[in-house]
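User: Hello! I would like to learn how to read a protein structure feature by feature. Could you walk me through this one?

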Amino acid sequence: MGRESSIGGTDLEIKLKNELRQKAVARECAEWIRRKAELRSYRDTNRAAGGYLVVDGTEPAAFQPIEGLTTSALGTTPSKQLTMTMGIPGDMARQYLCQFNAAWDSGELEDVTRAVIDSISTMYRENPPELVYYAALYRIFSEFLEDVSVDDLAKEGTGFKESKVWNLLYDFQQDAALAIINKLQTYNGCILADSVGLGKTFTALAVIKYYELLNRNVLVLCPKRLSDNWLTYKKNYVNNPIAADRLRYDVLYHTDLSRDKGLTVEGNDIEKFNWGAYDLVVIDESHNFRNGADTSSKVEDETQGNRFERLLNKVIRDGVETKVLMLSATPVNNRFRDLHNQLKLAYQGDPDAWSKKLGLDKPVDQVFRDAQAAFRDWSELPAADRTTTALTDRLDFNFFQILDRVTVARSRRHVQRYYDVSAIGPFPKRLKPVSLRPSLATSDEAGTYSQIADTLASLTLAVYLPTVYLHPSAAPKYADEHGRPPTSGREQGMVKLMSSILLKRLESSVYAFGITLGKIIEVIRHNLKVIEDYRAGASGASVEGVESFEYEEGDTDFTVGTKSRFSLEDMDWISWERDMLKDLEALEDIRQLIAPIDAEHDAKLAELRRVIADKVENPINPGNKKLLIFTAFADTADYLYESIGAYVEGRYGLEVAEVAGGSQSARCSVEGVRNDMNEVITCFSPVSKDRDVAYPRLKGKDIDVLIATDCISEGQNLQDCDCVINYDIHWNPVRIVQRFGRVDRIGSKNACIQLINFWPDVELDEYINLKARVENKMHALVMASTGDDDYINEDEKGDLEYRRQQLERMKDEVVDLEDAQGGISITDLGLNDFRMDLVEYRKEHPEIENVPYGIEAVAAGEEPGTIFVLRNANGNIDRLSGNPIHPFYLVYVGEDGSILHGYATPKDILDEMRRICRGVKEPVEDLCRAYNAQTDDGRDMAAQTDLLASAIGSIVEGKNESDIDSFFSGGTTGFLENDIEGIDDFELVCFLVVKRPC
């Protein structure tokens, strides 16, 4: 059929197609063949005769060689190839004619007239939009079809599509599972980075089921707080919806990588554990490994490396070949290095081989260095110019190639727009966030947030900086094992982080702030007593230095490690004493400012009680009284539980619980519910957690108000609740979105959901400035330190103006996770959905290979215009940065000639084509009639030709403007008739006319 379809022309024969008149010409050609021609072709393609043309008549004539029945081969249009064709007269021509007639009657030929007519008629008949969509995919991704091995695609013979878990997936999850399997088979690794609330766990379970059906061993590594979910899905439990699949994977905690002995959650002895026996490792919340080997995490044997190194060496490199599936809604935090470190688990220490397999122009390590440099340049732009588009424009082809090959990342917006949400059900409507700014106290005797913050900014916290006061001559006495003397830089970085946390704790609750304040005062007084005793003549007096600093959100407090000791005789203890006294005075002043603020006079707590009362009296959804209250600190969670528990139970009949992490992980007011985190959150969200099936003894034991730290801000389904309160606003907007994501999920039965944010009692600009006064000191001191550690919170960007804009926006709307990440999100950039579409379609429609270039269809859409699919035909145009499908170019042009989506965003255009074309198997008759009337059945394509000119002009934008003007000069339909170099730059593959529905 390839020979028959070539009658439409060669790659160089594009002038007619670019004039868009092929529809009318094809109709005339097909009609001519029907009336006057019969076409035959050898059944055995190897028997095809050499190319010649015989013209019968009174005096036959022959011509040889003839490369084909194309206008360029026949010499009626220009060709870039020089071909010598000879005319053969007289008797020799008659011999050719006899040879032709013998072949015609030999019986070795088959009649292909109908096939040729069918191929040509494709170009003029009314095509269904689906055909144009898949024709575009076939041309763009044909190399993928050639390169892909059967082993790289999911084997349907395994029966995994009959599994329980597969049939519980929504369409977009099934697409993801197939794409993941292809990526794991091809590249050994994949990151599933769908946004919060899109069911990554179930998608991963379908992938696990596939590999278990291939008799592969699977290990799931997850945070401890999420282990209950993974354990449930493999057990024969009544609340396991996929129990029939009998999954058999093993489950370990991330922290098990740090241990050399003890038992795992499933009772396996770690000392005997065979880490290298797994064919697939699934890492839940893989962003916990984003710092790679260049960070410290506690392990029992430091010679074995940190958790990342142990995972890489013991689980992935050792033993059998291991594939790695990583799950994270936030694989990139604030640097591309986060993503790079996670992908190192996939290429397992061999970046060169992986770069080659990915088809990169440069090593993968260099790609990420370049990407980070582009991000730094972008970060220096004015905040208003710092858009996602501005960032992607700075990233090169190779970076997008990596994302396309080894990530699956869809946003909520993408799923809502491009998938059938009728099966999913609508996401709950996000109401406008409520912003509250209560003062610290109901009493005028107490201090204000601004007063206290200003005083905090003046602290030196000298008590934690003993090395600053060491006499230089004494420093060698305290050198480490490598002979390096102690430096103050490390201490200064930790101290300034402590200052920042003090401000956070003040923002959280006066109660939590007071606890930390008291601990610092206690340490200062202890050291002042040591100095006092030394001054009085005590010998051998020494003080402790700062060795380490540990803090995680949700911890009751931060701790300072104090292993080193410094003799006072080696210190300028007089200056140290002076500075500590100054800090003590300031801290005592602060203590006085907060002294009047107890639970009775806490204005913020009073406001929370009012919010609870309003929720009870005016529910957001009928009958729903549930509230999820988040705080960054366990001390604040304890305070809230003690302060409002009995109050709301007695006044409103609400049951209250607390989940704060740590050894005492949970407590609640409901009799019969144990102080266990899983039981508590199950009773808080009984429908989503399937409580009555899982725990019949807990039936009816409902929890209405849950107070929690960020120990449950990831991975938990709590969508029975319809209201989230941030009792302290997080400085990182990503965390705010993650918290709200507990209720903003697929499967919510709530029509609306509400976010309520408690802000400090200052305007946002003043709030940012207060934060800046603390952070600027931190940055200055860290930069003056050794430079090998940045103790500034890596989760927060230093650009406070940009953060201000993000927080300002969050006052008025609930943003999506990819927006909160500030332009660095990787969602919605991959093309694998389309490849999988093509693979599935081609199985049922192998004839897609024979669809000619230049076909068109009319589809219904909201943005009228034309989508052109073009191919760079002669190679004169280099691959343009940002176009991941070169040599193909997609441009969506509006009816007025404006570029709706340019060549650098092919994903957006393919998404739109997919949305309006896939499943539309018949022509849209009313739109076709209107279009044919406008174009005189394809004879008058002036308007479309103008749009094509705009499309090509947007691609060749780097050329001189006058060249472009000349290229499209000469009138609406004759702009390509000028003999100008560049006429053959692009070939029209197909085009889709988009009209508003009639």
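Analyst: Gladly. Let us begin with a term: contact means heavy atoms within 4.5 Å. This is a predicted model, where local features need pLDDT of at least 70, side-chain atom pairs count only at pLDDT 80 or more, and totals for chains, interfaces and linings use all residues. Residues are numbered from 1 along each chain as its sequence is written, and side-chain values use heavy atoms, with hydrogens and water left out.

User: Which residues does Asp-744 touch, not counting residues up to four places away in sequence?

Analyst: Asp-744 touches Val-196, Gly-197, Arg-412, Pro-428, Arg-430 and Ile-753. Asp-744 itself sits in the loop between α27 (733-740) and β23 (752-758). Those labels follow a rule: helices (H or I, at least four residues) and strands (E, at least two) are DSSP runs, numbered from the N terminus.

User: Is Asp-744 buried or exposed?

Analyst: The general idea is a scale: buried means under 20% relative accessible area, exposed over 50%, and partly exposed in between (1.4 Å probe, protein chains only). Asp-744 has a relative accessible area of 6%, so it is buried.

User: Which side chains have a polar contact with Asp-744?

Analyst: A polar contact is a pair of N or O atoms within 3.5 Å; within protein, one must be able to donate a hydrogen and the other to accept it, and residues adjacent in sequence count only if both atoms are side-chain atoms. The side chain of Asp-744 has one of 2.3 Å with that of Arg-412 and one of 2.8 Å with that of Arg-430.

User: What about Lys-432, is it buried or exposed?

Analyst: Lys-432 counts as exposed because its relative accessibility is 55%. Its place is in the loop between β12 (429-430) and β13 (434-436). The C-alpha atoms of Lys-432 and Leu-755 are separated by 7.5 Å, although these residues are 323 apart along the chain.

User: Now to strands. Which strands are joined to β10 by bridges?

Analyst: The rule is that two strands pair if DSSP finds at least two bridges between them. Strand β6 (residues 189-192) runs parallel to β10, joined by four bridges, and β9 (residues 280-284) also runs parallel to β10, joined by five bridges. Met-326 in β10 stands opposite Ile-191 and is also the bridge partner of Ile-283. Val-282 stands opposite Leu-325 in β10. On β9 there is a further pairing: four bridges join it to β7 (residues 218-222), again parallel, with Val-218 partnered by Leu-280.

User: Why is β9 said to be largely enclosed by the rest of the structure?

Analyst: Five of the five residues of β9 are buried, so the rest of the structure largely encloses the strand. Both faces are covered, with Leu-280, Val-282 and Asp-284 on one side and Val-281 and Ile-283 on the other. Strand β10 (residues 323-327) also has five of its five residues buried; Lys-323, Leu-325 and Leu-327 lie on one side, and Val-324 and Met-326 on the other.

User: How do I read a nonpolar core?

Analyst: It is a set of buried Ala, Val, Leu, Ile, Met, Phe, Trp, Tyr and Cys residues joined through side-chain atoms within 4.5 Å. The largest one here has 48 residues, of which Ile-283, Leu-311, Phe-336, Leu-345, Trp-354 and Ile-402 touch the most other members. Helix α14 (residues 364-379) gives the most to this core, with seven residues. Apart from it lies another core of 44 residues, including Leu-440, Tyr-449, Val-463 and Met-571.

User: Which residues are buried in helix α19?

Analyst: First, the general idea: an α-helix has 3.6 residues a turn, so residues three or four places apart point the same way. In α19 (residues 449-457), the buried residues are Tyr-449, Ser-450, Ile-452, Ala-453, Leu-456 and Ala-457. Seen down the axis of α19, these fall within an arc of 165° (taken from the directions from the helix axis to the C-beta atoms), so they line one face of the helix.

User: Finally, what pLDDT does the protein chain average?

Analyst: pLDDT is the predictor's confidence in each residue, from 0 to 100. The protein chain averages 80, and 77% of the residues score at least 70. Over residues 296-303 the pLDDT is below 50, and this stretch has 16 contacts in the model beyond near neighbours in sequence.
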